[in-house]
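Hello,

Here is the structure we talked about passing on. Please have a look, then read the notes below it.

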Amino acid sequence: MILAVACAVGLLVADHRSDHLDTVRSMLSVVVYPLHLAVNAPAAYVRTARERMTDEAQLRAANAALGRENLLLKARLQQFESLEAENMRLRDLLGSSFSVGERVLIAEILSVDLTPSRQQVMVNKGTSSGVFVGQPVLDANAVMGQVIRTNPFSSVVLLITDADHALPVEVNRNGVRSIAAGTGLGQGLELLFIPKNADIREGDLLVTSGMGERFPPGYPVARVTTVRQDPDNPFMTVVAEPNARLDRSREVLLVWTLNPQMQQQALTGGGTARGALP
Amino acid sequence: MSDARARGGWLIPCSLLLAMLLMILPMPAGADALRPQWVALMTLYWCLTVPERYGVFSAFAAGLALDVISGSLFGQHALGLSVIAYAAVELHQRVRIFPLWQQALFAVMLLLVERLINLWVLGATGQPMPSLVYWAPTCLSLLLWPWLSVIMNDIGRRVGLI
């Protein structure tokens, strides 16, 4: 009993303080991956069954809606391309480098409940698809989190609302920079170290600033919901709500930032750059 | 004894596996916090019924497996489970002759200890403190224990384990 407790405490300290155990954990998680799949299976069956049972009218309606949305997005993309080219030209004039161009991979969230005290989800792509620790994860609307553990078949994503997570952001309206830290419980983000006279209003959009070199710059993160002045707090209390549908998304995007040569390839050779976003 | 040892031994890992599946099974949003401590319940049951085959180190292994599956810190569940397994194995002779409801109370006491150790680990590693709902699964386990005990006794007798 003493030995078991000593082992457990030793493991706890080792796991908390350092990352030597990550390889062990990754190997063990390959072993238990079938369990995760087994738990995911019923939910997946229910989903496929529901898909099969949708009738023709619904499918037609969905198809029409998607077609309209596609047309709208394409129209916006035309503008976006010319704007991007113009932006690059202006940046060239200024002599600053700026990387756009990312490759994305769609992964599916497994319906597995991980430990309730942490905000983390498991996705069905791992190192065999090139996923790496620290990789940014998005959903259709905004930044969701980053990969913290991988094994060959699956990986664990820490959401931006976890208490251990913080990411550098800026206000889209005026570029005020801050750090958005997760609060752990509930759904909010808190902006740290905002001086009392900073220009932040309710409704401001926060985007990634790219300062931490983890998240590519310019992706939406959250919208400011409360701005409060507390007399006992030397900083302003700013709470924001994530734009990503953290609890409802089914599919997520894993993002690779491309280096400049690969970007050129991705932009010119359309055939080889499957899944590449310009 | 050696003959009995060979029979029905698969039931223990199987039941633990089932308990672990139940621990990570997705639940509706509201019921999520009320998930009973399946693995701890199963560990207690085996420690009280067959302490010569399932002891502190089996509980430790089960805890580690649970840590890997649920993505918590290494040793978080292993610590709590080995402590309650020790207490259960020490006291199993006394507890076995208790009536069912008294056994359930005993089990709940140990489950509370396990929860407390878990909470201590969460606090010591600087993770956010859960709200009072954190203790609700233990109360649910009080209701579950008699059922679990009766059902597992039945299955155990059928496969010749007990």
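A:Val169 has A:Thr208 in E9(A) as its bridge partner. This is a predicted model, in which local features need pLDDT of at least 70, side-chain atom pairs count only at pLDDT 80 or more, and totals for chains, interfaces and linings use all residues. Residues are numbered from 1 along each chain as its sequence is written, while chains are lettered from A and ligands numbered from 1 in the order in which they are written.

Strand E6 (residues 166-171) of chain A pairs with E9(A) in the antiparallel sense, over three bridges. Strands pair here if DSSP finds at least two bridges between them. Helices (H or I, at least four residues) and strands (E, at least two) are DSSP runs, numbered from the N terminus.

E9(A) also pairs with strand E10 (residues 220-228) of chain A, antiparallel over three bridges. E10(A) in turn pairs with strand E11 (residues 236-242) of chain A, antiparallel over six bridges.

Angles run from 0 to 180 degrees between N-to-C directions, and axes are lines fitted to C-alpha atoms, for helices over the stretch in contact.

**One residue: A:Val207**

A:Val207 sits in strand E9 (residues 205-208) of chain A. Opposite A:Val207 stands A:Pro220 in E10(A). Is A:Val207 buried or exposed? A:Val207 counts as buried because it has 21 C-beta neighbours inside 10 Å. The cut-offs are 20 or more other C-beta atoms within 10 Å for buried, 12 or fewer for exposed, and partly exposed in between, with C-beta atoms placed from the backbone.

Not counting residues up to four places away in sequence, A:Val207 touches A:Val169, A:Glu170, A:Asn172, A:Gly218, A:Tyr219, A:Pro220 and A:Val221. A contact means that the two C-beta atoms, placed from the backbone, lie within 7 Å. A:Phe235 is 28 residues from A:Val207 in sequence and 21 Å away in space, C-alpha to C-alpha.

**Chain A as a whole**

Chain A has four helices and 13 strands. Of its 278 residues, 27% are buried. Among its contacts between residues at least 6 apart in sequence, 57% join residues at least 24 apart.

**Where the chains meet**

Chain A puts 32 residues into the contact, and chain B puts in 31 residues. On the side of chain A that touches chain B, helix H1 (2-17) and helix H2 (22-53) of chain A each supply at least two residues. H1(A) gives the most, with nine residues. By class, that side of chain A has 21 nonpolar, seven polar and four charged residues. Nonpolar covers Ala, Val, Leu, Ile, Met, Phe, Trp, Tyr, Cys and Pro; charged covers Asp, Glu, Lys and Arg; the others, Gly among them, are polar.

**A helix pair in chain B**

Helix H3 (residues 38-49) and helix H4 (residues 56-70) of chain B pack at about 165 degrees, with their axes 11 Å apart. That angle makes H3(B) roughly antiparallel to H4(B). The classes are under 35 degrees for roughly parallel, over 145 for roughly antiparallel, 65 to 115 for roughly perpendicular, and oblique for the rest. B:Val39, B:Thr43 and B:Cys47 in H3(B) meet B:Ala59, B:Ala62 and B:Leu66 in H4(B). This contact has five nonpolar, one polar and no charged residues.

Best wishes
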